[in-house]
Amino acid sequence: MTVRAIIGAQWGDEGKGKIVDRFAEDVNAVVRFQGGNNAGHTLVIDGHKTILHHIPSGILRDGVENIIAGGVVIDPFVLLTEIAALEKRGVIKDPSQLLIGSECCVIAPYHKALDVARETNRGATSIGTTGRGIGPCYEDRVGRRAIFAGDLLHPERLREKVAQSLLEKNALLVALGAQEFDADEVVAQLVEIGEKLKSYIRPANIRVRQLLDAKASILLEGAQGTMLDIGHGTYPFVTSSHTVSGSACVGLGIPPSAIQDVVGITKAYCTRVGNGPFPTELEDAQGQELRDRGSEYGSTTGRPRRCGWIDAVALTYAARINGFSSFAMTKLDVLSGLPILKVCVAYELDGTTFTNEVPVEADDLARVKPVFREFKGWAEDITAARTYAELPAAAQEYVNAIEKIVGVRVAYVSVGPDREATIVRNS
Ligand code: GDP
Ligand code: IMO
Ligand code: MG
């Protein structure tokens, strides 16, 4: 039995979905514990691409239970579309494969409208959210006016909650120049969708503890990344949930001692989508080259991702917060053919040098000067490598140097999007 958390070590899109799918080969369950459909996790099996937004990345494995736990916010309309597509492909055959937590908070249409209206009104200072209503939905949870997935099955309770919520939401929407919502219409839509999702909605957190009692092997699938954490990321340019490993405990209702292993996922370089500071960003032709080589366009919104060199300062910070036992480094193949590679080993700010902590205040982080170490690149195509020894010496040196700087072993190296394009290091 192992409970292993998979956590984004950068600004999201590190390849968590690919790694979870790979590890899901021999587990009993995969559980999402935070975030919502702001996530886009890509799985490629024999060249066929699947992008998941809510559904855990164990869904393509036979015999794996997939659980959307209480810490996740769900957009029932999007979730139904996701389920329907997988049912059509014959992937989801039975509700036992997927559990939607009755305790998950529901993203209603007015949450999305509020997200978009706020962003529009922020203008030049916008966060660059995914526009999926994630922030407003989590706000309602903290404000103690959330709608739960379980409420979708109780129209009277739902009507009361929606009416109460719209008292405030409509006033806000009007103030922001957006359209009001009609409570009856919203309730009717939500009841209809609840009926369609009914067979999947059950208490998630109870199920997770049952699995723990049964000594099951469980993967806890993080969404977003450490630098987007609401408390430890580059506030205010963050998402609205805790994305770090500790969040898995509160998202599921399990003790910290239940988690034996925390794997940090990092790209071999770095990307960010949305606004906010990014010390190693390449805003020139080289950044565009990385974007083209790595197909760096968002899985959720299709936006071009900002690209830059790997940031060992931010990775060390992430390792300290999450307690990574190892890294899985993805997209090493994307660097093939680049003559020189750079690794950020320190930040300079007003005479202070940072190597293992990040000045997360956005204004400070925007002013840091990254200090780079240069490495020789390699010319070979590495996508067929399946052992570490098959990688060119320069690629090994690059990976070895990063694990030495950060102090966390790179136990897995991914050399292509496909499930099989993964090196597990044994020594
Ligand atoms: P996630 O949100 O962390 O699951 O990551 P995304 O799915 O949003 O983005 C990662 C992208 O990189 C996806 O298109 C993956 O198919 C792709 N990918 C993952 N690992 C590798 C790899 O090792 N090499 C290459 N070339 N692509 C990869
Ligand atoms: P996965 O799980 C990358 C970013 C958005 C924006 C900020 C806030 O695929 O790695 P939000 O809609 O959450 O309020 O937006 O967070 N963001 C992500 N960036 N990957 C993600 O998820 C993200 N989810 C949110 O671009 O900058
Ligand atoms: Mg993604």
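The buried residues of helix 4 (residues 134-142) pack against strand 6 (73-74), strand 8 (105-106), helix 3 (109-122) and helix 5 (155-175). In this predicted model, the buried positions of helix 4 are Ile134, Gly135, Pro136, Cys137, Tyr138 and Asp140. Arginine 144 follows helix 4 and has a positive phi, near 60°.

Tyr138 is also listed among the contacts of valine 72. Valine 72 lies in the loop between strand 5 and strand 6. Its relative accessible area is 0%, so valine 72 counts as buried. Beyond its neighbours within four places in sequence, valine 72 is in contact with Arg32, Phe33, Gln34, Gly35, Gly36, Cys104, Cys105 and Tyr138. Valine 72 and glutamate 281 are 209 residues apart along the chain, and their C-alpha atoms are separated by 30 Å.

As a whole, the protein contains 12 helices and 20 strands. The radius of gyration is 21 Å, which agrees with the value near 22 Å that a compact globule of 427 residues would have. The C-alpha trace spans about 65 × 50 × 40 Å along its principal axes. Of the 427 residues, 59% are buried. The protein exposes about 16900 Å², of which carbon and sulfur atoms supply 51%. When contacts between residues at least 6 apart in sequence are considered, 76% join residues at least 24 apart.

An open sheet of 10 strands has the order 9-7-5-2-10-1-11-15-19-20, with mixed pairing. Strand 9 and strand 20 (422-424) are at the edges and have a single partner strand each, so one side of each is left without a neighbour in the sheet. At the strand 9 end of this order, strand 7 (residues 98-101) pairs with strand 9 (residues 201-202) in the parallel sense over two bridges. Here glycine 101 stands opposite arginine 202 of strand 9. Strand 7 also runs parallel to strand 5 (residues 65-68), to which three bridges join it. In that pairing, leucine 98 of strand 7 is the bridge partner of asparagine 66. The residues of strand 7 are all buried, with Leu98 and Ile100 pointing one way and Leu99 and Gly101 the other way.

Further along the sheet, strand 1 pairs with strand 10 (residues 218-221) in the parallel sense, over four bridges. Isoleucine 6 stands opposite glutamate 221 of strand 10. Strand 11 (residues 261-267) holds threonine 266. Threonine 266 is buried, its relative accessible area being 1%. With neighbours within four places in sequence left aside, threonine 266 is in contact with Ala9, Gln10, Glu14, Ile310, Leu315, Phe327, Ala328, Met329 and Thr330.

In soluble globular proteins, nonpolar side chains tend to be buried together. The largest nonpolar core of the model comprises 64 residues, of which Leu220, Leu332, Leu335 and Tyr398 touch the most other members. Helix 12 (residues 393-406) makes the greatest contribution to this core, with seven residues. A second, separate core has 35 residues, among them Ile59, Ile74, Leu173 and Leu190. Apart from neighbours within four places in sequence, leucine 220 is in contact with Val3, Arg4, Ala5, Ile6, Val31, Phe33, Ala248, Leu252, Ile254 and Ile259.

The magnesium ion (ligand 3) has Asp13 (OD) and Gly40 (O) as its protein donors, at 2.0 to 2.2 Å. These two residues link distant parts of the chain, 27 residues apart. Aspartate 13 is in the loop between strand 1 (3-8) and helix 1 (16-23), and glycine 40 is in the loop between strand 2 (29-32) and strand 3 (41-45). Glycine 40 counts as buried because its relative accessibility is 9%, the limit for a buried residue being under 20%.

Technical notes
Residues numbered from 1 in each chain as written. Chains lettered and ligands numbered in written order. Predicted model: local features only at pLDDT ≥ 70, side-chain atom pairs only at ≥ 80, totals over all residues. Heavy atoms only, no water. Buried < 20%, exposed > 50% of the residue type's maximum accessible area, 1.4 Å probe, protein only. Pairing = 2+ DSSP bridges. Core = buried A, V, L, I, M, F, W, Y, C linked by side-chain atoms within 4.5 Å. Contact = heavy atoms within 4.5 Å. Rg over C-alpha atoms; globule rule 2.2 N^0.38 Å. Areas by Shrake-Rupley, 256 points an atom, 1.4 Å probe, with all protein chains shown as cover. Donors = N, O, S within 2.8 Å, 3.2 Å for Na, K, Ca; no water.
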